[in-house]
Amino acid sequence: MVDEIAKAQTAIPEEVTLFDKIVAKKIPANIIYEDDLALAFRDINPVTPTHFLVIPKDRKGLSQLSKATPEHAQLLGHLLITAAKVAAQEGLDNGFRTVINDGKDAGQTVYHLHIHVIGGKQLSWPPGV
């Protein structure tokens, strides 16, 4: 298993990210939802029985949530609505968690805003402490 903490500590923003390549269909992904603005695909290292990511197809400068501006409000809302829609599609009727990692101390390894949606089992609280 990849040391995610070490990976996050050394990750740097890139002009073209892994997720940009997935959107462009240059590298494969298990895509479970797509519309004009968003793409959802299964995480390659799932932490729960159901674990997928929701990303903007055009990140519009959103490498991190902390980079969001009022101009991103509609896109951010769409991503959250998409997360809920795909969670329902995936049968997460008993609940799910959304996670957005922002920066190296939060474990962000790809600087393309993305929402982790995890579920399919009872989750503990607090997470990651």
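Two strands pair if DSSP finds at least two bridges between them. In this predicted model, five strands form an open sheet with antiparallel pairing. The strand order is β1-β2-β3-β5-β4. Helix α3 lies across β1, β2, β3, β4 and β5.

**Sheet**

- Strands of a sheet pair through backbone hydrogen bonds, either parallel or antiparallel.
- The pairing in this open sheet is antiparallel, and the order of its five strands is β1-β2-β3-β5-β4.
- β1 (31-34) and β4 (96-99) are the edge strands; each has a single partner strand, so one side of each is left without a neighbour in the sheet.
- On average, neighbouring strands of this sheet are turned by 20 degrees against each other, direction ignored.
- β1 pairs with β2 (residues 38-42) over three bridges, in the antiparallel sense.
- Ile31 has its bridge partner in β2, namely Phe41.

**Helix α3 and Ala73**

- Helix α3 spans residues 73-89.
- α3 runs at about 155 degrees to β3 and lies across β1, β2, β3, β4 and β5 (115-119).
- Ala73 belongs to helix α3.
- Ala73 is partly exposed, because its relative accessible area of 46% falls between the cut-offs of 20% and 50%.
- Ala73 and Asn30 are 43 residues apart along the chain, and their C-alpha atoms are separated by 27 Å.

**Pro56 in β3**

- Pro56 sits in strand β3, which covers residues 50-56.
- Pro56 has 0% relative accessibility, so it counts as buried under the 20% cut-off.
- Leaving aside neighbours within four places in sequence, Pro56 is in contact with Val23, Leu37, Leu75, Leu79, His112 and Leu113.
- One of these contacts, Leu75, is 19 residues from Pro56 in sequence and 7.5 Å from Pro56 in space, C-alpha to C-alpha.

**Loop between β3 and α3**

- Ser63 lies in the loop between β3 and α3.
- Ser63 is buried, with a relative accessible area of 12%.
- Not counting residues up to four places away in sequence, Ser63 touches Gln108, Tyr111, His112 and Leu113.
- Lys60 is placed in the loop between β3 and α3.
- Lys60 is exposed, because its relative accessible area is 51% and the cut-off is over 50%.

**Backbone exceptions**

- Most residues other than glycine have a negative phi, and most peptide bonds are trans.
- Lys25 is not a glycine, yet has a positive phi of about 65 degrees.
- Lys25 lies in the loop between α2 (18-23) and β1.
- The relative accessible area of Lys25 is 47%, which makes this residue partly exposed.
- Lys60 also has a positive phi, near 50 degrees, in a residue other than glycine.
- Trp125 and Pro126 are joined by a cis peptide bond, with omega about 0 degrees.
- Pro126 is found in the segment after β5.

Technical notes: Residues are numbered from 1 along each chain as its sequence is written. This is a predicted model: local features need pLDDT of at least 70, side-chain atom pairs count only at pLDDT 80 or more; totals for chains, interfaces and linings use all residues. Side-chain values use heavy atoms; hydrogens and water are left out. Helices (H or I, at least four residues) and strands (E, at least two) are DSSP runs, numbered from the N terminus. Buried means under 20% relative accessible area, exposed over 50%, partly exposed in between (1.4 Å probe, protein chains only). Contact means heavy atoms within 4.5 Å. Axes are lines fitted to C-alpha atoms, for helices over the stretch in contact, and angles run from 0 to 180 degrees between N-to-C directions.
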